[in-house]
Amino acid sequence: MKRLLLFFCSLLPLLTVAQPRIGYQVHYAPHLGAEGLRVAVQVRTPKATDSTYFHFANNVWGEDNLLRCLSGFAGEKPGYRFRIVPDSNRIVVYHPRTRDVRFSYRVKQDAPEYTRDQVNRPRVTDTYFHVLGESLFTVPEFLAGAPTEPELTATIRWVGFPKGFVLHNTFASGATEQTFRGKLWTEFYRSLYVGGDYRLHQLSYQNRPVYVVVRGQWQQYDDARLLTTLQQALTAQRDFWHDAGPTRYTVFMSPTVTYTDSTWRGQSMRGEGLYQGFKLQSTNNPFNSWDLLRYMFNHEMLHDWIGGQIRGAHQELNSWFTEGFTDYYAYKNRLRSGDLTLDTWVKAFNEDIIQQLYKNPERNQPNYLIKDNFWKSRAFGKLPYRRGALFAFWIDNLILKRSGYTRSLDDLMRELRQACLLPGQSFNDERFLALAQTYLHEDISYEFQKYVLHGADIPWAGAELMEGFTMDTTQPIPVLKAAGPGPVLRERYLNAKAPARPVAQQ
């Protein structure tokens with residue numbers, strides 16, 4: 001018994017390091033644009049030292065030189081000095097020898113205005129702020145440098161914010177004090193914090209709250225229209241996955257730049273997944289596209305499952321699936337929800353998937369080059385979306401036809417999700433092909449290597465498509481066509497079954 005007690009006591013310092021507590025206070029300033037958000041940090045280190053390294057990412061989600069957004073460093077007491085090391089994503093804090101390190105810094109914009117493409121830099125103005133968790137909160141390096149993803153407990157207090165100043169983030173709504181317990185990289189840092197002149201709405205699914213946080217006066221659509229469409233997408237997708245979703249969820253929607261005239265024709269919209277939600281940022285002008293917004297709602301929400309719960313083991317190498325199959329189901333679930341009719345679905349699939357793939361100058365490039373060029377080239381970046389979506393359509397038709405319309409890719413995807421929810425399991429090519437073989441009773445490894453890995457065009461033999469679909473290949477760009485009664489064809493393609501009861505995530 002004494003030996004057991006001694007062993008447990010020897011583990012206490014290790015447990016303290018593994019699950020540290022960090023305290024933050026975020027302070028309001030009357031002139032936020034000039035002064036910034038002041039963030040006060042309190043950390044107890046494993047042992048007393050006279051300097052502590054803190055992690056603050058200089059590059060986040062496509063944005064560089066983010067340490068330029070920090071200023072106003074100050075220690076709680078005299079004797080504090082600070083050194084910024086951008087190449088190491090590091091803030092070195094020199095302090096009197098202690099275990100209790102307390103200091104503050106300010107988070108501000110590093111330019112008076114940002115361009116429409118600078119979506120992930122901290123936005124802090126007199127009327128609102130919009131900052132990613134990774135660009136708001138620094139953490140000690142003894143935590144960030146752990147070999148496996150660490151967990152932490154963080155208390156956040158919002159100090160001095162005036163009444164009517166909306167405060168919302170992926171973990172709490174309207175709270176002036178909140179406590180986070182969870183993983184650092186995939187939860188605490190994959191978050192968004194907003195405040196100010198946002199409008200806060202609430203939807204629900206299976207009695208679970210879904211917040212919609214919007215700012216700006218959008219041209220071509222209003223809040224009521226947004227909410228109706230989001231509820232439609234939310235219901236269709238969670239019904240499809242038989243998943244009631246997390247205990248809370250947030251959709252953030254913010255304008256990047258606003259034009260009231262025809263200064264710039266077009267719309268630039270970007271969506272990114274967050275822990276328990278996603279964000280959309282878009283230009284706002286008379287050329288806003290309602291159809292683009294509906295597509296983005298569905299695509300980004302699908303990443304909760306494809307790329308989220310079904311997490312790719314090899315990042316960009318798996319983009320043919322995490323982005324391509326997400327794109328495919330963004331359209332298929334819009335048909336399922338009634339957001340698209342069969343005719344408009346065929347039209348959209350031809351224009352947005354098939355034509356865009358065949359017009360892509362990199363269309364036949366091998367998959368391994370996508371990893372190297374995904375973030376460097378728009379053509380390479382979009383390639384796995386369209387190639388993967390067309391491959392998904394090919395497999396879906398094969399399963400439908402060979403099963404006598406009793407099974408479809410939908411069933412495979414739900415089974416794949418259940419497998420990847422098990423501890424330590426993730427998506428890879430081999431897992432997908434093995435599961436596909438159980439549905440097709442045939443090994444399609446050769447076709448997968450040819451169409452996905454090597455980039456060859458799918459030949460679209462008539463026997464591969466289900467009854468009612470044909471692919472006209474007489475022109476350089478194939479054209480999908482649907483023949484026969486629309487309701488019958490729609491029902492056959494969607495392979496409608498009595499839905500299982502949605503269950504909550506554990």
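**Sheet order**

In which order do the five strands of the open sheet stand? The order is S13-S14-S16-S18-S17, with mixed pairing. Strands here are DSSP runs of E with at least two residues, and helices are runs of H or I with at least four, both numbered from the N terminus. Two strands pair if DSSP finds at least two bridges between them.

Strands S13 (199-205) and S17 (269-274) form the edges. Each has a single partner strand, so one side of each lacks a neighbour in the sheet. On average, neighbouring strands are turned by 15° against each other, direction ignored.

**Basis of the model**

The model is predicted: local features need pLDDT of at least 70, side-chain atom pairs count only at pLDDT 80 or more, and totals for chains, interfaces and linings use all residues. Residues are numbered from 1 along each chain as its sequence is written, and side-chain values use heavy atoms, leaving out hydrogens and water.

**Edge pairings**

S13 pairs with S14 in the antiparallel sense over seven bridges. Histidine 201 stands opposite valine 212 in S14. Two residues lie between the strands of this hairpin, where glutamine 206 takes a positive phi near 50°.

Methionine 269 has serine 282 of S18 as its bridge partner.

**Helices on the sheet**

Helix H5 (residues 223-241) packs on the sheet and touches S13, S14 (208-214), S16 (249-258) and S18. Contact means heavy atoms within 4.5 Å. The direction of H5 makes about 30° with that of S13. Axes are lines fitted to C-alpha atoms, for helices over the stretch in contact, and angles run from 0 to 180 degrees between N-to-C directions.

Helix H6 (residues 290-302) lies across S16, S17 and S18. H6 runs at about 20° to S17.
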